[in-house]
Amino acid sequence: MAYIDPHIHMVSRTTDDYRRMAQAGCVAITEPAFWAGFDRSSPAGFYDYFRQLTDVEPKRAAQYGIAHYCWLCINPKEAEDPAFAREVMKLIPEFLDKPNVLGIGEIGLNKNSRNELIILEEQIELAKQHERLILVHTPHLEDKLKGTRMTMDALINAGIDPGRVLIDHVEEHTVAEVLDRGFWAGMTLYPDSKCTPQRAVDIIECYGNERIWINSAGDWGPSDPLSVPKCHVEMRRRGHNQKLVEKISLENPLAFLGQSDRFFLPEHS
Ligand SMILES: [Zn+2]
């Protein structure tokens with residue numbers, strides 16, 4: 001079945017992963033800008049990273065018939081130094097006109113610190129000025145609920161339409177509030193942390209299938225670029241029909257991402 005993995009860090013994956021994802025039915029991915037596993041020593045490191053996201057990865061993905069889109073930002077983990085973060089933010093407008101850039105992300109909070117919040121607010125403003133979608137990272141190590149609330153408050157205070165924001169890495173204790181406030185919710189499937197395929201299906205069974213998607217967030221750490229189709233298997237094992245699988249991994253991503261006039265799906269069957 002054709003599906004979209006709307007959050008995966010392909011800069012960290014091999015070309016062989018693209019092949020396996022294409023074989024499993026992946027037709028499009030979106031890749032948010034994130035922490036590379038180490039702090040970059042200068043804004044120039046981000047300049048090259050943005051080139052990779054807007055030029056190199058789309059070509060690599062196209063070899064396997066996968067459409068590649070991306071999001072740009074300074075990630076919250078490297079946003080603790082506002083002066084450094086602002087240097088990186090200055091680079092972003094130059095890349096926003098590249099054809100595969102959907103919006104600003106994954107912005108958010110890491111330690112829920114004051115400096116992170118300042119830079120978050122400035123990046124929300126950047127998205128607003130350029131009328132772009134927003135993809136939000138929520139903290140794993142510190143208080144996720146508190147960080148999620150702080151981020152949603154910042155977005156609402158800035159006058160952002162919650163229907164144009166996806167809050168990612170939701171879990172059982174954050175999903176209801178995210179959906180209740182009108183935002184989209186993403187569940188990140190990890191083999192041994194964040195949300196497992198089983199927990200994701202539990203959440204769909206409890207909270208419904210509107211404004212929610214699943215993604216692998218495959219990166220340089222322990223992660224699985226095929227976790228989305230593995231979650232589809234779990235849905236079918238529990239007796240859910242194909243309609244639900246398509247709703248979560250095709251219709252919902254299309255509805256959210258399609259708000260950008262840049263996003264379109266290659267022909268698929
Ligand atoms: Zn990510």
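In which strand is the place of E106? E106 belongs to strand β4, which covers residues 101-108.

## Basis of the description

The model described here is predicted, so local features need pLDDT of at least 70 and side-chain atom pairs count only at pLDDT 80 or more, while totals for chains, interfaces and linings use all residues. Residues are numbered from 1 along each chain as its sequence is written.

## Overall form

The protein chain contains 9 helices and 8 strands, where helices (H or I, at least four residues) and strands (E, at least two) are DSSP runs numbered from the N terminus. Its C-alpha trace spans about 50 × 40 × 35 Å along the principal axes. For 269 residues a compact globule would have a radius of gyration near 18 Å, and the 17 Å of the protein chain agrees with this; the radius is taken over C-alpha atoms, and the globule rule is 2.2 Å times the number of residues to the power 0.38.

Of the 269 residues in the protein chain, 45% are buried. A residue counts as buried if 20 or more other C-beta atoms lie within 10 Å of its own, as exposed if 12 or fewer do, and as partly exposed in between, with C-beta atoms placed from the backbone. Among the contacts in the protein chain with a separation of 6 or more, 74% come from residues 24 or more positions apart, a contact being a pair of residues whose C-beta atoms, placed from the backbone, lie within 7 Å.

Helix α3 (residues 82-96) and α4 have axes that come within 10 Å and cross at roughly 15°, which makes α3 roughly parallel to α4. Axes are lines fitted to C-alpha atoms, for helices over the stretch in contact, and angles run from 0 to 180 degrees between N-to-C directions; angles under 35 degrees count as roughly parallel, over 145 as roughly antiparallel, 65 to 115 as roughly perpendicular and the rest as oblique. On the α3 side the contact is made by P82, A85, M89 and I92, and on the α4 side by N115, I118, I119, E122, Q123 and L126. By class, this contact of α3 with α4 has 7 nonpolar, 2 polar and 1 charged residues, where Ala, Val, Leu, Ile, Met, Phe, Trp, Tyr, Cys and Pro count as nonpolar, Asp, Glu, Lys and Arg as charged, and the others, Gly among them, as polar.

Helix α4 (residues 114-129) also packs with helix α5 (residues 144-157), at an angle of about 40° and with the axes 10 Å apart, and α4 and α5 are therefore oblique to each other. Here L117, L120, E121 and I124 in α4 meet M150, T151, A154 and L155 in α5, and the residues of this contact divide into 6 nonpolar, 1 polar and 1 charged.

The axes of α8 and α9 come within 10 Å and cross at roughly 155°, which makes α8 roughly antiparallel to α9. V228, H232 and M235 of α8 make the contact with L244, V245 and S249 of α9, and its residues divide into 4 nonpolar, 2 polar and no charged. In the loop between α8 (227-237) and α9 (242-257) is G239, which counts as exposed because it has 6 C-beta neighbours inside 10 Å.

Y3, found in strand β1 (residues 3-5), counts as buried, with 24 C-beta neighbours inside 10 Å. Leaving aside its neighbours within four places in sequence, Y3 is in contact with G25, C26, V228, P229, S249 and L250.

## Backbone details

Most residues other than glycine have a negative phi, and most peptide bonds are trans. Against that background, the peptide bond from G105 to E106 is cis, with omega near -5°.

Two residues other than glycine have a positive phi here: R211, with phi near 55°, and A217, with phi of about 45°. R211 lies in the loop between α7 (197-207) and β8 (212-215) and counts as partly exposed, with 18 C-beta neighbours inside 10 Å. A217 is found in the loop between β8 and α8, and its 28 C-beta neighbours inside 10 Å make A217 count as buried.

Notes. Contact = placed C-beta atoms within 7 Å.
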